[in-house]
Amino acid sequence: MQARLTAFVPDSAAITRSLSPGERLRIGRGDDCELLLAHPSVSRLHAELVVSGDRWRLTDLRSKNGSFVEGAQVASTLLESSCWLRFGDVHCEFAALDAAAVEAEARRWHERHGAATAHTVRLDTIAHGGDPEAAPGQALLEASLRAVAELAGCSRGFLLIDEHGRYRVRAALALDPAQMVGREFAGSLGAVTRAIEQRRAIVFNDIGGDAWPGARASVVEGGLRTLVCLPLLDGDRVLGAIYADRREAGPPLTTLDLELLEAFADRTALWLSAHRASDALAARSPAPVDWDRILAGPVVQTG
């Protein structure tokens with residue numbers, strides 16, 4: 001029977017692996033593992049999944065921090081059709097898939113790739129809509145933010161642009177940047193700060209249980225189910241960032257989702273750089289909200 005394993009590595013997009021009968025999936029921190037979990041709590045060769053009859057068997061490979069099924073430590077056990085696993089501090093969702101579920105997943109990915117292509121075409125159309133030397137303007141920024149939010153399955157967000165060394169909010173979706181202070185936004189603002197400082201995407205997926213080590217308590221307290229922040233990069237220079245989140249339940253953001261989002265963010269950064277958007281928008285957009293002022297809120301924490 002086919003199955004799917006979804007690993008929720010802290011501060012990263014979820015990693016999904018499809019499992020087919022006859023396949024062996026080695027799980028660990030080593031480069032030779034089929035499921036690589038780059039987390040210090042995971043052993044180099046931690047555990048493996050193999051088919052046993054018509055079910056999947058999990059075997060711990062003498063890992064340092066143990067393998068767990070539904071919270072109970074195991075040495076070797078047959079898995080139910082749906083259950084939660086844990087390797088060290090990394091939670092994983094195991095699900096057996098019938099033919100209909102496999103077909104539905106394939107259809108979902110086809111639709112998502114189609115949506116990403118349509119958003120890219122729209123962005124190119126906006127960028128080329130007028131004078132090739134003119135700045136793309138507010139329409140480009142708003143379209144970029146809406147596209148990232150839709151592709152991530154999120155309902156709100158904002159877009160930052162670097163203007164002469166200061167970040168300013170140039171587009172917002174279902175959020176008032178001037179009101180982004182208080183504990184409920186602390187995790188969100190911290191995620192944006194880290195994405196800019198580390199020049200990498202920051203992702204949070206709430207798995208519906210206790211926060212695993214490394215998850216920000218302020219994100220959980222804010223009631224967020226999914227969070228993503230993508231830096232907009234021109235080489236080593238950070239042009240800005242796109243942030244999106246949701247409070248509603250939904251599928252986790254996976255590494256495959258993140259590939260689509262990062263490709264779109266790269267496209268946005270390309271147009272921002274080509275049209276010198278930071279300088280042009282600074283001259284024509286009204287009263288942007290300064291990012292430093294948002295971070296200076298009385299209870300906002302970035303660490």
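This is a predicted model: local features need pLDDT of at least 70, side-chain atom pairs count only at pLDDT 80 or more; totals for chains, interfaces and linings use all residues.

User: How many helices and strands are in the protein, and what percentage of its residues is buried?

Analyst: The protein has seven helices and 17 strands. Of the contacts with a separation of 6 or more, 58% are between residues 24 or more positions apart. A residue counts as buried under 20% relative accessible area. In this chain of 303 residues, the buried share is 50%.

User: Which residues have the most contacts inside the largest nonpolar core?

Analyst: The largest nonpolar core has 35 residues. At least two of its residues come from each of α1 (99–127), α2 (137–151), β12 (156–163), β15 (226–234), β16 (237–246) and α5 (255–274). A second, separate core has 24 residues, including Ile 15, Leu 49, Leu 79 and Leu 85. Within the largest core, the residues with the most contacts are Val 148, Val 228, Leu 230, Leu 232 and Leu 261.

User: Is Ile 242 buried or exposed?

Analyst: Ile 242 is in strand β16. Beyond its neighbours within four places in sequence, Ile 242 is in contact with residues including Leu 145, Val 148, Phe 158, Val 228, Leu 230 and Leu 232. The cut-off for buried is under 20% relative accessible area. Because the relative accessibility of Ile 242 is 0%, it counts as buried.

User: What is the separation of the C-alpha atoms of Ile 242 and Leu 145?

Analyst: Leu 145 is one of the residues in contact with Ile 242. Along the chain the two are 97 residues apart. Their C-alpha atoms are separated by 6.5 Å.

User: In what order do the strands of the five-stranded open sheet lie?

Analyst: Strand β3 (residues 24–28) is joined to β5 (residues 47–52) by four bridges, and the two run antiparallel. β5 also pairs with β6 (residues 55–60), in the antiparallel sense and over six bridges. The edge strands, each pairing on one side only, are β4 (35–36) and β9 (76–78). With mixed pairing, the order is β4-β3-β5-β6-β9.

User: Which residue in β6 stands opposite Ala 47?

Analyst: Ala 47 in β5 is the bridge partner of Ile 27. β5 also has antiparallel bridges to β6. There, the residue opposite Ala 47 is Asp 60.

User: Which residue takes a positive phi in the hairpin of β5 and β6?

Analyst: The hairpin has two residues between its strands. The phi in question is near 70°. The residue that takes this value is Gly 53.

User: Which residues are closest to the centre of the largest pocket?

Analyst: About 380 Å³ of space lies in this pocket. Its lining has seven nonpolar, four polar and five charged residues. β1 (2–8), β2 (15–19), α1 and α5 each supply at least two of the lining residues. Of the 16 residues in the lining, the closest to the centre are Arg 4, Thr 6, Thr 16, Glu 105 and Arg 108.

User: Is Ala 174 buried or exposed?

Analyst: Ala 174 lies in the loop between β13 (166–173) and α3 (183–198). Its phi is near 55°, positive although the residue is not glycine. Exposed means over 50% relative accessible area. Because Ala 174 has a relative accessible area of 63%, it is exposed.

User: Where does Glu 70 lie?

Analyst: Glu 70 has a positive phi, near 50°, and is a residue other than glycine. Its place is the loop between β7 (67–69) and β8 (72–74).

User: What separation do the C-alpha atoms of Leu 227 and Asp 11 have?

Analyst: Leu 227 is placed in strand β15 and counts as buried because its relative accessibility is 1%. Asp 11 is 216 residues from Leu 227 along the chain. The separation of their C-alpha atoms is 9.8 Å.

Notes
Residues are numbered from 1 along each chain as its sequence is written. Side-chain values use heavy atoms; hydrogens and water are left out. A nonpolar core is a set of buried Ala, Val, Leu, Ile, Met, Phe, Trp, Tyr and Cys residues joined through side-chain atoms within 4.5 Å. Buried means under 20% relative accessible area, exposed over 50%, partly exposed in between (1.4 Å probe, protein chains only). On a 1 Å grid over the protein atoms alone, a cavity is a set of points where a 1.4 Å probe fits but cannot get out, and a pocket is an open set with protein on both sides within 12 Å along at least five of seven lines; lining residues have an atom within 4 Å of a point. Grid points are joined across faces, edges and corners, and a volume is the space filled by probe spheres set on the points. Ala, Val, Leu, Ile, Met, Phe, Trp, Tyr, Cys and Pro count as nonpolar, Asp, Glu, Lys and Arg as charged, and the others, Gly among them, as polar. Two strands pair if DSSP finds at least two bridges between them. Contact means heavy atoms within 4.5 Å.
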